Amino acid sequence: LPRGAADIEAVAVDPRTLWVYLLTKREEPPVLWRFSLLGPDNDVEYVGEVPIPEPTEAQLRADPRYGHAASWPTAMDFTHDGDALIVQTYSDAWRIPRRDDDELSLGSLVHIPVAKLVQTEAACATPDGMWWVTSEQRPAPLLAIPLTVAPQR
């Protein structure tokens, strides 16, 4: 990245623009970057901060050792139609809609409830409107969550 190395697990390709998006993991709030697959120089550019809420007191009490990491992004993907970017953290998923000008509306996060997994590490959106989530624990559960718009938290 232009400002140096960062811990990034969440990477997604925008199906409309072919921009590759990268979301930092250990920063609060996480920072979104992008570069073009089509550009001659592929320079990485700053997109903005993603205002994922910090862990709640309940999350910190429930997991004193790792609760502080509940809001760290571990995966992301665009919906099949490209209308939104979905970000998965250790505890929740967040829908970031696209604005009329085709940019992402980083300030308009919509919460998507996800069942608690031990260590949520991978997720993807599918053409049928589902958000698939799994853990790196064994056995690895596989959850399917409808990507319907949920009320904001």
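**Strand pairing, surface and salt bridges**

Colleague: Which residue in S3 is the bridge partner of Val 20?

Modeller: The model is predicted: local features need pLDDT of at least 70 and side-chain atom pairs pLDDT 80 or more, while totals for chains, interfaces and linings use all residues. Residues are numbered from 1 along each chain as its sequence is written, and side-chain values use heavy atoms, leaving out hydrogens and water. Strands are DSSP runs of E with at least two residues, numbered from the N terminus, and two strands pair if DSSP finds at least two bridges between them. S2 and S3 run antiparallel and are joined by five bridges; in S3, Val 20 has as its bridge partner Phe 35.

Colleague: How many residues does the hairpin between S2 and S3 pass through, and how many residues of S2 are buried?

Modeller: The hairpin joins S2 to S3 through six residues. Buried means under 20% relative accessible area, exposed over 50%, and partly exposed in between (1.4 Å probe, protein chains only). Strand S2 covers residues 19-24 and is mostly covered, the number of buried residues among its six being five.

Colleague: Which residue in the turn between S1 and S2 has a positive phi?

Modeller: S1 and S2 run antiparallel and are joined by five bridges, with Ala 10 standing opposite Leu 23 in S2. Five residues lie between the two strands of this hairpin. The turn residue with a positive phi, about 60°, is Leu 18.

Colleague: Which strands stand at the edges of the sheet?

Modeller: Four strands form an open sheet in the order S1-S2-S3-S4, with antiparallel pairing. An edge strand has a single partner, so one of its sides is left without a neighbour in the sheet. The edge strands are S1 (8-13) and S4 (45-49).

Colleague: By what angle are neighbouring strands of this sheet turned against each other on average?

Modeller: The axes are lines fitted to C-alpha atoms, and angles run from 0 to 180 degrees between N-to-C directions. For the sheet average, however, direction is ignored. On that basis, the average angle between neighbouring strands is 25°.

Colleague: Which residue of S4 is the bridge partner of Val 31?

Modeller: Strand S3 spans residues 31-36 and pairs with S4 in the antiparallel sense over four bridges. The bridge partner of Val 31 in S4 is Glu 49.

Colleague: What is the area of the nonpolar surface patch that includes Leu 37?

Modeller: Leu 37 is found in the loop between S3 and S4 and counts as partly exposed because its relative accessibility is 47%. Nonpolar patches join side chains of Val, Leu, Ile, Met, Phe, Trp or Tyr within 5 Å, from residues with over 30% relative accessible area and no salt bridge; areas come from the Shrake-Rupley method with a 1.4 Å probe. Val 13, Leu 18, Leu 37 and Leu 38 make a patch of about 350 Å².

Colleague: Which residue forms a salt bridge with Glu 9?

Modeller: A salt bridge is a side-chain nitrogen of Lys or Arg within 4 Å of a carboxyl oxygen of Asp or Glu. The closest N and O atoms of the Glu 9 pair are 2.7 Å apart; the pair links strand S1 to the loop between S2 and S3, 16 residues away.

Colleague: Which residue forms a salt bridge with Arg 16?

Modeller: The closest N and O atoms of this pair are 2.2 Å apart. The pair links Arg 16, in the loop between S1 and S2, to a residue in the loop between S5 and S6 (84-89), 67 residues away. Arg 16 is partly exposed because its relative accessible area is 39%. Its partner is Asp 83.

Key:
Patch = residues over 30% accessible without salt bridge, like charges linked within 9 Å, V, L, I, M, F, W, Y side chains within 5 Å.
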